[in-house]
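Dear colleague,

Please find the structure below, handed over for your records. My findings follow it.

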Amino acid sequence: MIELSKSDKAMIRCAAGDLDTAGVQNLEAKVVALLTKQVGNGTLSHVTKNNVRAAITLVTDAGK
């Protein structure tokens with residue numbers, strides 16, 4: 001499990017738009033799960049800001 005920084009969490013809140021608190025927490029959990037999976041399977045060796053942005057995009061686009 002990875003730990004998001006304050007700025008990473010701020011990016012998620014910004015991307016969440018008009019979601020309520022539960023929606024933001026759900027989005028954050030999905031982003032963390034995706035990044036953890038990518039680090040675990042060796043796709044990523046470490047997490048950068050761009051990786052967080054890409055994960056946010058993947059998670060939000062998956063709902064469309």
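Helices here are DSSP runs of H or I with at least four residues, numbered from the N terminus. Helix 2 is followed by G42, whose phi is positive, near 90°. This is a predicted model, in which local features need pLDDT of at least 70 and side-chain atom pairs count only at pLDDT 80 or more, while totals for chains, interfaces and linings use all residues. Residues are numbered from 1 along each chain as its sequence is written, and side-chain values use heavy atoms, without hydrogens and water.

Helix 2 covers residues 21-40. G23, V24, L27, V31, V32, L35 and Q38 of helix 2 are buried, meaning under 20% relative accessible area with a 1.4 Å probe, protein chains only. These buried residues pack against helix 1 and helix 3, contact being heavy atoms within 4.5 Å.

I2 lies in the segment before helix 1 and counts as buried at 19% relative accessibility. Leaving aside neighbours within four places in sequence, I2 is in contact with V32, L35, T36 and V47. I2 and L35 are 33 residues apart in sequence, yet 7.5 Å apart in space, C-alpha to C-alpha.

Finally, S7, D8, M11, I12 and A15 in helix 1 meet K49, V52, R53 and I56 in helix 3.

Yours sincerely

How values were computed
Helix = DSSP H or I, 4+ residues; strand = E, 2+ residues; numbered from the N terminus. Expected span 1.5 Å × (residues − 1). Buried < 20%, exposed > 50% of the residue type's maximum accessible area, 1.4 Å probe, protein only.
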